[in-house]
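Here are my notes on the structure you passed along, arranged as numbered points. Please read them beside the sequence and the coordinates.

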Amino acid sequence: MLRNISHKFFILFGLVILLVMPTIGVSAQASLDCGDGTILNNAVLLTLAPVANGDTIGITVLGIDGFDPVVGVVTPQGTFCNDDKPTSTGIRTNLPTTAQVDEQTTSAQVIYTNSTGSSASVDIFIADYQQRYGQFLLLIDGLDTTAVSANPQPAMRYQALGITLDERIVSSPIPITAYQIGVTDNMDPFIRAVDTSQTLIGECDDSSPTTCSNLGSLSGFYVADSSGNIVAGDTLDAALQYAPAQIDINGTMGNQMVFRFMSVNNNDGPYMIALHMGFAEGGQQQFVPNNGNQNNPPPPNNNGGGNNNGGVVSNNPPSGGQHGISISCSNGVTLQNGVEFITQLKPNETRNIYALGINGFDPVMVIAEPSGNIICVDDEPIASDYEANLPTTGSIPSSSTNALYAYTNNTNQAVRLSIIIGDYAGRDGEFLLVINDMYFDFNANLSTYEGFTVTDNLASVTTYAIDAGGGTFDAFLRLVDDQLAPVVDGTGQTVECDDASAVTCWGQSYNMNGSFIRQRQSIANGSGTDAVIRFVPSPSDLNKTYYFFINNQLNQSAYYNLAYHAVIATP
């Protein structure tokens, strides 16, 4: 996908240096003497080139699951090493393969400015402080494709990050995943991976669930630069993944893998690299692969909320006038008067889940996992410009109080999640819960388990199934009970909907023309083939759970968005 921008002229200052990787035996372990008494042993070696003269890059390493990173950067101007960052900048990240990983006191960072007068190549060494094995997330900011795209040699129009492969890396169960995320809207990333002989391994333009290693769109995900500034992903960003088990370091591939970062049709600009990888000894990793439950210190928050794991859930509220679901998060936030929705994710599936408040409602969202772990989410800056306009909600403008979480099921089996939404102050009101990036698999549909629980404070819920933008999803909704039997009303009619504006839809008809749900650059426009069901519970429905059977009337696999407009009113 291309971004339309005005024509620009680019001038290349200095020389673009070819990426030259040191020759290291496949059983060797990289090491670095920092010159100050610090020695990095059992390190991973990477090489970045070119860094243009005058450019400043930030190199940050976040450990995952207890990995305590130390980073060393070898440049033409000397060697620079860092163990623990001296000052916290509040770096926060959330990517499909890592879930949320935030800066800790053990994070490492080097800021480098190339003042050599020409382009430079830098070697990056990453090790654990105690020389252990594990996994980490490398972030590099300050990069820009503008200069390299002006190279008169088309074959050299890229910046490259090379990995020196050895038996520790190919023994790790953690896939090597490279992300390229544009800092500005006019940057359209493209990644290409090659081996030692420059043979193409893979490439990625716009990451989607059906391309680029099936990682899905990066819309809703984010990284942060060395100063803590959030860089949001979108549908044009790229991600490329390679499983270590596929790497034969003794064969034709050799001991090098190089990711080349460039742009599409010179839609250039600044970007960031995020590299998630691991290394192990003898095929056994000493740390458990990240599952999104990392116990990081809670990041700064605006009104006492923020993202945090842990807490206590109660759906049997005590007497004294409390209603709905109550949750106490370990960051001090207490969600009261909440309502529950249910979603199911297939193995390795990622979904963006977000809540937009209506008329002053300040949503707090809690995601409860089968293990009992809960993820508490309040104000999310990435979602501050999300908006929607649906028949029952009217216009929902952008708001700094919107809540967002990108959840990845890192297991090999389907996962059923509970999503609880309430107002920050426990007030009654309305909100829109949106679950993006849902994939209807015509051959193996698992979307039946999308639904809600009727609590005493749920006044109504209107459910929308909307094509995600490809024009290939003609929605059908049928309400079923917890035994998956169709629900019928008092007249014997089945509660189901084909086209929202037609007589084929139970209950009230809705004109979806002009409706939309917008998530940054991604927009889903309503159409006559969308499905809508408005459900008003009766006293007999209390504590029951209802699901939706979801189908595509075009009998094919496609993407769609599911949205719930809920009204909370205490009885």
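1. A salt bridge is taken here as a side-chain nitrogen of Lys or Arg within 4 Å of a carboxyl oxygen of Asp or Glu. With that in hand, and bearing in mind that this is a predicted model, Lys346 forms a salt bridge with Glu349, the closest N and O atoms being 3.7 Å apart. Because the cut-off is 4 Å, the 3.7 Å between Lys346 and Glu349 qualifies.

2. The structure holds 11 salt bridges.

3. Another of the salt bridges is formed where the side chains of Asp423 and Arg427 meet, at 2.8 Å from N to O. Are the two partners buried or partly exposed? Asp423 has a relative accessible area of 1% and is therefore buried, whereas Arg427, at 43% relative accessibility, counts as partly exposed.

4. The disulfides deserve a separate look, and the structure holds 3 of them. Cys34 and Cys81 form a disulfide with their sulfur atoms 2.0 Å apart, and the torsion about their S-S bond is about -90°, so this disulfide is left-handed. The pair links distant parts of the chain, 47 residues apart, with Cys34 in the loop between β1 (30-33) and β2 (39-51) and Cys81 in strand β5 (residues 78-82). Cys34 is buried, with a relative accessible area of 11%, while Cys81, with 25%, is partly exposed.

5. Cys329 and Cys376 form a disulfide whose sulfur atoms are 1.9 Å apart, and with -95° about the S-S bond their link is left-handed. Here too the pair links distant parts of the chain, with Cys329 in strand β22 (residues 325-329) and Cys376 in strand β26 (residues 374-377), 47 residues apart. Both Cys329 and Cys376 are buried.

6. A disulfide also joins Cys497 to Cys505, with 2.1 Å from S to S, and the link of Cys497 and Cys505 is left-handed, with -110° about the S-S bond. Cys497 has 0% relative accessibility and so counts as buried, and Cys505 is buried with a relative accessible area of 5%.

7. Turning to the strands, β34 is mostly covered, with 5 of its 6 residues buried. β34 pairs with β39 in the antiparallel sense over 6 bridges, and Val480 stands opposite Tyr547 in β39. β34 also pairs in the antiparallel sense with strand β35 (residues 496-497), over 2 bridges, where the bridge partner of Arg478 is Glu496 in β35.

8. Among the aromatic rings, the count comes to 19 aromatic pairs. One of them is formed by Phe476 and Phe549, which are edge-to-face with 6.5 Å centre to centre and 75° between the planes. This pair links distant parts of the chain, Phe476 lying in strand β34 (residues 475-480) and Phe549 in strand β39 (residues 545-552), 73 residues apart. Phe476 counts as buried because its relative accessibility is 10%, whereas Phe549 is partly exposed because its relative accessibility is 29%. Elsewhere, ring pairs link Phe341, Phe361, Phe431, Phe452, Phe535, Tyr546, Phe548 and Tyr564 into a cluster.

9. Which residues touch the most other members of the largest nonpolar core? In this core of 47 residues they are Phe341, Met365, Tyr407, Phe431, Leu433 and Phe452. Strand β40 (residues 558-568) contributes the largest share of the core, 6 residues. A second, separate core has 44 residues, including Val61, Ala108, Val110 and Ile169.

10. Phe431 brings several of these points together, being named both in the ring cluster and among the residues that touch the most other members of the largest nonpolar core. Leaving aside residues up to four places away in sequence, Phe431 touches Val339, Phe341, Leu356, Gly357, Ile358, Phe361, Ile421, Tyr564, His565, Ala566 and Ile568.

Note on methods
Residues are numbered from 1 along each chain as its sequence is written. This is a predicted model: local features need pLDDT of at least 70, side-chain atom pairs count only at pLDDT 80 or more; totals for chains, interfaces and linings use all residues. Side-chain values use heavy atoms; hydrogens and water are left out. Rings of Phe, Tyr and Trp (its six-membered ring) pair if their centres lie within 6.5 Å; planes under 30 degrees apart count as stacked, over 60 as edge-to-face and the rest as tilted. Helices (H or I, at least four residues) and strands (E, at least two) are DSSP runs, numbered from the N terminus. Buried means under 20% relative accessible area, exposed over 50%, partly exposed in between (1.4 Å probe, protein chains only). Two strands pair if DSSP finds at least two bridges between them. A nonpolar core is a set of buried Ala, Val, Leu, Ile, Met, Phe, Trp, Tyr and Cys residues joined through side-chain atoms within 4.5 Å. Contact means heavy atoms within 4.5 Å. A disulfide is a pair of cysteine sulfur atoms within 2.5 Å.
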